[in-house]
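I opened this model to look up its aromatic rings, its core and its ligand site. My notes follow.

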Amino acid sequence: MIGRTMNPRSRILRWLALCGGLACAAALASAAGTPEAAPEPDPVAAAINERLGRGINLGNTLEAPHEGLWGVTLHEDDFAAIAQAGFRSVRVPIRWSAHTATRPPYEVSEAIFRRVEWVLEQALEAGLAAMVNVHHYDEIFRDPAGHEERLVAIWEQVASRLRDQPPEVVFELLNEPHDALDAERWNALHPRLLAAVRASNPERVVVLGPDRWNAIGQLRHLQLPAGDRRLIVSVHYYEPFRFTHQGASWVGPRSQEWLGTEWHDTPEARREIERAFAAAAEWGRRHGVPINLGEFGAYSRADLASRVRWTRAVRDAAEAHGFSWHYWEFASGFGAWDPRTRMWRPELRAALVGE
Ligand code: BGC
């Protein structure tokens, strides 16, 4: 296992190598800066965001109630296929809450730790960076008060267990806070989750996003934790929703009415994406944090030509602003990879990473 066998000294050297020139540049820039200047991004967070680069979500695997239930089980070969296609990282959605006791001290099961460590080992061996998150903790969105302590306990254990993973493994505190976990509650909770991580991972890059499903429009309500900029802020983009989610059963019956919605690559359609991403980029600059587009994708009920046009346009806009990104997702309903033939869908792959 790459991370767990690395000795502490070589770990520190790796962190230093990563900071190197960037730290110098940041120090010089801040010495010359005016008091009003936006804070400099943390050089390690900036370097890791670049390292994440182009990525893909291993969706419908470990965030299903158990792996396989939603039709996808990860294979050893998947990681090489992802790396060979030109992706640089994977986002690993995990339903930790399904593998954690419901009473204090909220013990996380050994089996899920082993599986996640296997995923990280495969990813790192293939040369892929990885983002480990907490996904589909549905109970906390209905009843935050009843679940916040449990989520803190999950992060204490996950962070401690994964503490020896290399710096290109990053932790995302919670996918898509929404409903009762609104901006105010989320702003009170995420510093506690970060503190739980920092107890064992003082240097790890941590990812968090705004409430309402990581909506770009909610960035204005996100209050970053004081005194810690080893952070990446992540947003999701699925607009126009009736195009990307046409026929998506989990959205409800109205999504059936959207079937047949096409997306055309017009200047106005591109401007709409650009407006949203420019706002996210500007917020990131003002707060001194790099931006990750953690999810974007169009469901397979939309026509393939429209999906390809939209995917390419969103990718272009994300890259124009220097965001790292993760396509939603690898091998399921939005999949760029066909698990039956074990081949890429060539048009989607080309839209994401070129021929
Ligand atoms: C959810 C998935 C869903 C996707 C698109 C993700 O955050 O976890 O279940 O398919 O968004 O709606």
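**Rings, core, ligand**

I looked up the ring cluster: ring pairs join F87, Y237, F243, F277, F296, W310, F323, W325, Y327, F330, W337 and W344. Rings of Phe, Tyr and Trp (its six-membered ring) pair if their centres lie within 6.5 Å; planes under 30 degrees apart are stacked, over 60 edge-to-face, the rest tilted.

The model is predicted: local features need pLDDT of at least 70, side-chain atom pairs 80 or more, while totals for chains, interfaces and linings use all residues. Numbering starts from 1 along each chain as its sequence is written, and side-chain values use heavy atoms, without hydrogens or water.

I found 20 aromatic pairs in the structure. In one of them, W96 and F113 are tilted, 5.5 Å centre to centre with 50° between the planes. W96 sits in the loop between β2 (89-92) and α5 (110-125) and F113 in helix α5, so this pair ties together parts 17 residues apart in sequence. Helices (H or I, at least four residues) and strands (E, at least two) are DSSP runs, numbered from the N terminus.

I checked burial next. Both W96 and F113 are buried, meaning under 20% relative accessible area (1.4 Å probe, protein chains only).

Then I turned to the ligand. Which residues surround the ligand? They are H135, H136, N175, E176, Y238, H245, W250, E295, W328 and F334, each with a heavy atom within 4 Å. An oxygen atom of the ligand is 3.2 Å from a side-chain N or O atom of H136. For E176, I noted 3.2 Å between a side-chain N or O atom and a ligand oxygen atom.

Note on methods:
Buried < 20%, exposed > 50% of the residue type's maximum accessible area, 1.4 Å probe, protein only. Polar contact = N/O pair within 3.5 Å; in protein donor to acceptor, adjacent residues only side chain to side chain.
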